[in-house]
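Me: I would like to learn how to read a few features of a protein model. Please take them one at a time.

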Amino acid sequence: MSDIIQLLPDHVANQIAAGEVVQRPASIVKELLENAIDADASKIELIVRDAGKNLIQVVDDGKGMSETDARMAFERHATSKIRGTEDIFKIATKGFRGEALASIAAVSQVELKTKQREANIGTNIYIEGGVFQFQDPAQTAEGSNFLVKNLFFNVPARRKFLKNNNVEFRHVIDEFQRVALAHENLEFSLFHDDEPVFRLRKGSQMQRIVDIFGRKLQPQLIPIKEDIIWCKLHGFVAKPEGAKKTRGEQFLFVNGRFFKSPYFNKAVQEAFEGLLMPGYLPTFFLFLELDPEKIDVNIHPQKTEVKFEDEHLIFALIRSTIKRSLGIYNVAPSLDFERDPQLDAIMQKSFPSKGNNVNIKMPEIIVDKDYNPFLQEKQVKQAEIQNLAEMYHQNIAAEPSKINLFEDEDFDEDLMRLPNGYWLFNKGDRTLMLDLGRMHRLTVAESSKPSKRGGTNSHGLLFSLEYHMNEIENNKYKSIKKFLPELGFDMKVAHESVLRIDAVPEGLKETQVMKFLEDLFEVLEYKSEEEFMHFYQNQWNKMHSKSRFDFIYKNDAEQLIKEFTALGFPEFLPNGKRCFYEVPFNDIKNKF
């Protein structure tokens, strides 16, 4: 029998390895940005086209590479970050495996222009599908300029599984944010299809968070800080009103590296215990600093999983520090064992101690010893008794009230509200129990069908509303704004990412506009343009069916029943749920 085990060719092995490192354009963005930081860059620029499918370019002003290093950087397991086994357990850089550039070059066309700071001339290298093409001297700026073109051009099966541009670009923004948040002392820029998305200046952590997520988050942030011998914790958490239903702004960093940890997320959640509504998640930006030997980042190729030597102690540190900060800023009750000197002075002035030479006069209680309540008894006049008797007889003779709260001359059928929120409705010889919320959802769905052709009615606002968007919401708004006029919205960007709303669809109250837009951006964060109409309709139906029919006036219920009758009084929703049940009164009679 012949041998069947063979050694794979290098290009096949590289493509297999690339599957672990390069999953989508955002994976390349992460690796190139981290390489720029390791190169001691102070200014980093990211340029993408078609959400990174056709171009990802990272330009930095770091220390650059020599001619030999530029060629060696694309070999597998070639790295400048570590030298031996012992270095793996004290990693202080972003990258260390030496696999990223080889994996990227295996599934794309890569061009690198780089020059060291003291060199007179740089080098230009081009690799296509993992195959070296050429390397020439070139005049270029100090630092490195990576261009990654036509991702997965040689692996069409992988390219086919990429999502649409909106979804892929949202993942690119995620990776950009994670790197930029951890390095507020560096300048970052992001351009998409030649349009600027982020221009982040150097500053404090607070400034970096506000520059990325918008000014409306700033008043909600509470600083977190704790410094013990073996670990430092600092960052910010948002007040309970900044919580969200989805995992949005939740960031954990250790030594400047973003990582994911459901265990530490639970510590934050426990710190907010009793302050958040069910289903809501807190917003936080937490930075840990500890000895690199006490963590292990060599767990997963994406390097987002980190093992901690003392994770239980860090869990307790995060929970207690956040609890204390919430108490200091009067978000949660706190025991404060430190006395305020000013408060002591006020208390001393108001309530002097025995040591002071002040005569304190105790309050006196005066008692009338001669008071006898039986001697002060009042006499009731006979005329007053007579008047009371006449009033009593008049009330007895009055006819009982005939007011019918459910009477309506314009409605022929009988309708009655039940205590549980449902309604009883006599339709012919049948008595039905109605779910008005589901009935309304069906009428709204039917009425919205012609709106796709003829547009939806809208009403203008007396005063325009302003919604302050962050860069992520601004990008999402650009992708869906073409749908908004036919849905009844009249809004446009006024200045500095401020969205001015002049008109909204009928049925949307002015007090609901801001919350509706916030939920809409949140729901559509990772959705495509094609899915927009479907999610919009679901969001609209949820808003109108939720809690609207907990209490409703009878004339409104009657109007809804008339609209529902015009649809043929269907018994079921498209999802199979019932709009009404027939009450079996014959079975109920037999109970008696």
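Me: Leaving aside its neighbours within four places in sequence, which residues is Met491 in contact with?

Reply: Contact means heavy atoms within 4.5 Å. On that basis, Met491 touches Tyr477, Leu484, Leu499, Arg500, Ile501 and Leu517. This is a predicted model, where local features need pLDDT of at least 70, side-chain atom pairs count only at pLDDT 80 or more, and totals for chains, interfaces and linings use all residues. Residues are numbered from 1 along each chain as its sequence is written, and side-chain values use heavy atoms, with hydrogens and water left out.

Me: Is Met491 buried or exposed?

Reply: Buried means under 20% relative accessible area, exposed over 50%, and partly exposed in between (1.4 Å probe, protein chains only). Met491 counts as buried because its relative accessibility is 10%. Met491 belongs to strand 20 (residues 490-495); strands (E, at least two residues) and helices (H or I, at least four) are DSSP runs, numbered from the N terminus.

Me: In what order do the 8 strands of the open sheet lie?

Reply: Strands of a sheet pair through backbone hydrogen bonds, either parallel or antiparallel. Two strands pair if DSSP finds at least two bridges between them. Here the order is 5-4-3-6-2-1-7-8, with mixed pairing. Strand 5 (131-138) and strand 8 (195-200) each have a single partner strand, so one side of each lacks a neighbour in the sheet.

Me: How many bridges join strand 4 to strand 5?

Reply: There are 7 bridges between strand 4 (residues 122-128) and strand 5, and the two run antiparallel. Glu128 has Val131 in strand 5 as its bridge partner.
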